[in-house]
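User: Got a model to go through with you. Can you walk me over the main features, and keep it quick?

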Amino acid sequence: MPDVSPTARELEALKVLWRLGRATVREIYRELKPRDGELAYTTALSLLQTMEQKGLVGHESAGKAYAYFAKVRRDSVFRRLAGGFLDQVFDGAMGEYVARALQAKPPSVGELEELEAMIAEAKKRAQARDDKPKGGTR
């Protein structure tokens, strides 16, 4: 994955591509326009060209048009954005980050169960790291 984080508008275009797989400029434009009534077709085209230069998307011929596709994985982009947000806004304070997220949007019971499972898995990984012998002693 490129070391480039997408802008807010680029992220919206990526979400369309992750959902559709491949899409023409016109299809992406139609998906984005309802969210941003000011968006022009040429702006959508320029956006995709910029994203391609950054390595976020690629294209292939689809008749007279190009079909664009994401070159970055959704989970990788979200992990990068979340990590950057955690560092930039909360100075890496994971507890405060999670607490504020839970206050901002109260989760459902199902979401809480998913979070509990993720925390349990993260705890196992942290314990495995802590249990590894440190180098330098014999």
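Analyst: Terms first: helices (H or I, at least four residues) and strands (E, at least two) are DSSP runs, numbered from the N terminus. Asp75, for one, has its place in helix α4.

User: What are the ground rules here?

Analyst: This is a predicted model: local features need pLDDT of at least 70 and side-chain atom pairs count only at pLDDT 80 or more, while totals for chains, interfaces and linings use all residues. Residues are numbered from 1 along each chain as its sequence is written, and side-chain values use heavy atoms, with hydrogens and water left out.

User: Back to Asp75. Is it buried, exposed or partly exposed?

Analyst: Asp75 has 34% relative accessibility, so it counts as partly exposed. The classes are: buried under 20% relative accessible area, exposed over 50%, partly exposed in between (1.4 Å probe, protein chains only).

User: And how far is Asp75 from Glu38?

Analyst: In space, 29 Å from C-alpha to C-alpha; in sequence, 37 residues.

User: Sheet next. What's the strand order?

Analyst: The order is β1-β3-β2, in an open sheet of three strands with antiparallel pairing. Two strands pair if DSSP finds at least two bridges between them. β1 (22–24) and β2 (57–62) are the edge strands; each has a single partner, so one side of each lacks a neighbour in the sheet. On average, neighbouring strands are turned by 35 degrees against each other, direction ignored. Axes are lines fitted to C-alpha atoms, for helices over the stretch in contact, and angles run from 0 to 180 degrees between N-to-C directions.

User: How many bridges join β2 to β3?

Analyst: Six, and the two strands run antiparallel. β1 is joined to β3 (residues 65–70) by three bridges, also antiparallel.

User: What sits between β2 and β3?

Analyst: Two residues; the strands form a hairpin. Gly63 in the turn has a positive phi of about 75 degrees.

User: Which residue of β3 does Thr24 stand opposite?

Analyst: Ala67. Glu60 stands opposite Ala67 too. Thr24 lies in β1, and its relative accessibility is 18%, so it counts as buried. Apart from neighbours within four places in sequence, Thr24 contacts Ala65, Tyr66 and Ala67. Contact means heavy atoms within 4.5 Å.

User: Which helix lies across β1 and β3?

Analyst: α2 (residues 25–32), running at about 90 degrees to β1. α3 (residues 41–54) lies across β2 and β3, at about 120 degrees to β2.

User: How do α1 and α2 cross?

Analyst: At roughly 115 degrees, with the axes coming within 10 Å. The crossing is right-handed. Handedness is read like this: left-handed if the near helix is turned anticlockwise from the far one by less than a right angle, right-handed if clockwise. On the α1 side the contact uses Glu12, Ala13, Val16, Leu17 and Arg19; on the α2 side, Ile28, Glu31 and Leu32.

User: Which residues touch the most others in the largest nonpolar core?

Analyst: Ile28, Leu32, Met51, Val57 and Tyr68, out of 20 residues. A nonpolar core is a set of buried Ala, Val, Leu, Ile, Met, Phe, Trp, Tyr and Cys residues joined through side-chain atoms within 4.5 Å. α1, α2 and α3 each supply at least two residues. α1 gives the largest share, five residues.

User: New topic. How many aromatic pairs?

Analyst: Six. Rings of Phe, Tyr and Trp (its six-membered ring) pair if their centres lie within 6.5 Å; planes under 30 degrees apart are stacked, over 60 edge-to-face, the rest tilted. Take Trp18 and Phe78: the centres are 5.7 Å apart and the planes at 90 degrees, so this pair is edge-to-face. It links distant parts of the chain, 60 residues apart: Trp18 in α1 (residues 8–20) and Phe78 in α4 (residues 74–90). Phe78 is partly exposed at 29% relative accessible area.

User: What about Tyr29 and Tyr41?

Analyst: That pair is edge-to-face: 5.8 Å centre to centre, 75 degrees between planes. Tyr29 sits in α2 and Tyr41 in α3, 12 residues apart. Tyr29 is buried at 15%, whereas Tyr41 is partly exposed at 31%.

User: Which residues form one aromatic cluster?

Analyst: Phe85, Phe90 and Tyr97.

User: Last one: what's the phi of Asp91?

Analyst: Positive, about 50 degrees, although Asp91 is not a glycine. Asp91 lies in the loop between α4 and α5 (94–104) and is exposed, with a relative accessible area of 69%.
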